[in-house]
Amino acid sequence: MIRISESTIETDRLLLRAWRMDDLMDFYSYASVPGVGEMAGWPHHENLETSRTILKRFIKEDWTYALVFKENPQVIGSLGVQHPWTEELAKYKNLEIRELGFVLAKEYWGQGLMMEACQAVLEVAFNKWKLDAVTCSHFATNHQSQRLIEKLGFKYKQTEFLNFRNGKPPVRTLNYMIDSDSYFLGS
Ligand SMILES: CC(C)(COP(=O)(O)OP(=O)(O)OC[C@H]1O[C@@H](n2cnc3c(N)ncnc32)[C@H](O)[C@@H]1OP(=O)(O)O)[C@@H](O)C(=O)NCCC(=O)NCCS
């Protein structure tokens with residue numbers, strides 16, 4: 001079982017560690033900005049209580065990293081190691097697979113920070129957790145996430161339509177994967 005609290009990671013600009021309750025204001029400050037969470041499939045937080053509830057869940061589940069910007073120590077995003085899109089598919093049923101899900105505070109976009117964080121987690125995923133594969137997904141309209149996923153070397157696998165039960169039509173979503181062979185071969 002993966003417990004991210006047992007695998008704190010340091011990169012050039014970031015510290016990836018478990019969430020703490022005193023991160024609440026940092027979390028709320030980026031999660032309450034309209035249009036950020038929506039790109040990842042969740043509504044922006046309307047109040048501090050929503051952030052508090054989700055923060056408690058992050059701490060309990062222990063599979064989502066807080067991204068701390070070392071230069072100005074505050075939490076500027078999250079990177080989860082979560083249930084993969086492959087979960088219900090027979091073809092992948094005997095494999096250890098996790099999905100990366102990420103969000104960065106808007107003012108930090110475009111500096112390659114999530115690339116740095118994801119590369120570090122991929123290294124741990126394959127070398128320490130010994131996963132068979134790591135997956136990633138983005139809504140068809142989310143071009144910045146698509147760019148990041150492509151730059152990380154994920155390979156497109158399939159398209160699915162996700163239903164969010166919000167009265168809106170299903171959302172076209174592209175699913176990607178890196179398996180351990182291609183990770184270690186660098187292909
Ligand atoms: C997706 C996300 C994590 C990317 O993080 P990042 O650290 O900014 O990634 P990068 O710096 O590598 O930029 C990725 C692409 O985003 C685009 N981008 C960068 N800054 C941008 C900005 N300010 N506005 C719009 N697009 C921008 C660029 O196309 C860039 O691709 P390029 O390197 O070919 O120019 C970040 O945009 C984000 O948090 N978005 C909202 C939540 C989300 O979409 N999560 C993913 C759900 S699948």
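This is a predicted model: local features need pLDDT of at least 70, side-chain atom pairs count only at pLDDT 80 or more; totals for chains, interfaces and linings use all residues.
Visitor: How far does a polar side-chain atom of Trp109 lie from an oxygen atom of the ligand?

Guide: The distance for Trp109 is 3.3 Å, so the pair falls within the 3.5 Å cut-off. An oxygen atom of the ligand is also 2.7 Å from an N or O atom in the side chain of Asn142, and for the side chain of Lys151 the corresponding distance is 2.6 Å.

Visitor: How much of the ligand's accessible area does the protein cover?

Guide: On its own the ligand has 920 Å² of accessible area, of which the protein covers 74%. The ligand is surrounded by 20 residues, and Phe102, Leu104, Asn142, Arg147 and Lys151 are the closest.

Visitor: Where do nonpolar side chains tend to be in soluble globular proteins?

Guide: They tend to be buried together. Here the largest nonpolar core has 52 residues, and those touching the most other members are Tyr65, Leu79, Leu100, Trp129 and Phe154. Helix α3, residues 113–127, supplies the largest share of this core, with eleven residues. Apart from it lies another core of five residues, including Trp85 and Tyr92.

Visitor: Is Asp62, whose phi is near 60 degrees, buried or exposed?

Guide: Asp62, a residue other than glycine with a positive phi, sits in the loop between α2 and β3, and it is buried, with a relative accessible area of 11%. Lys130 likewise has a positive phi, near 55 degrees, and lies in the loop between α3 and β6, but Lys130 counts as exposed at 57% relative accessibility.

Note on methods. Residues are numbered from 1 along each chain as its sequence is written. Side-chain values use heavy atoms; hydrogens and water are left out. A nonpolar core is a set of buried Ala, Val, Leu, Ile, Met, Phe, Trp, Tyr and Cys residues joined through side-chain atoms within 4.5 Å. Buried means under 20% relative accessible area, exposed over 50%, partly exposed in between (1.4 Å probe, protein chains only). Helices (H or I, at least four residues) and strands (E, at least two) are DSSP runs, numbered from the N terminus. A residue is near a molecule or strand if one of its heavy atoms lies within 4 Å of it. A polar contact is a pair of N or O atoms within 3.5 Å; within protein, one must be able to donate a hydrogen and the other to accept it, and residues adjacent in sequence count only if both atoms are side-chain atoms. Accessible areas come from the Shrake-Rupley method with a 1.4 Å probe; for residues, only the protein chains shown count as cover.
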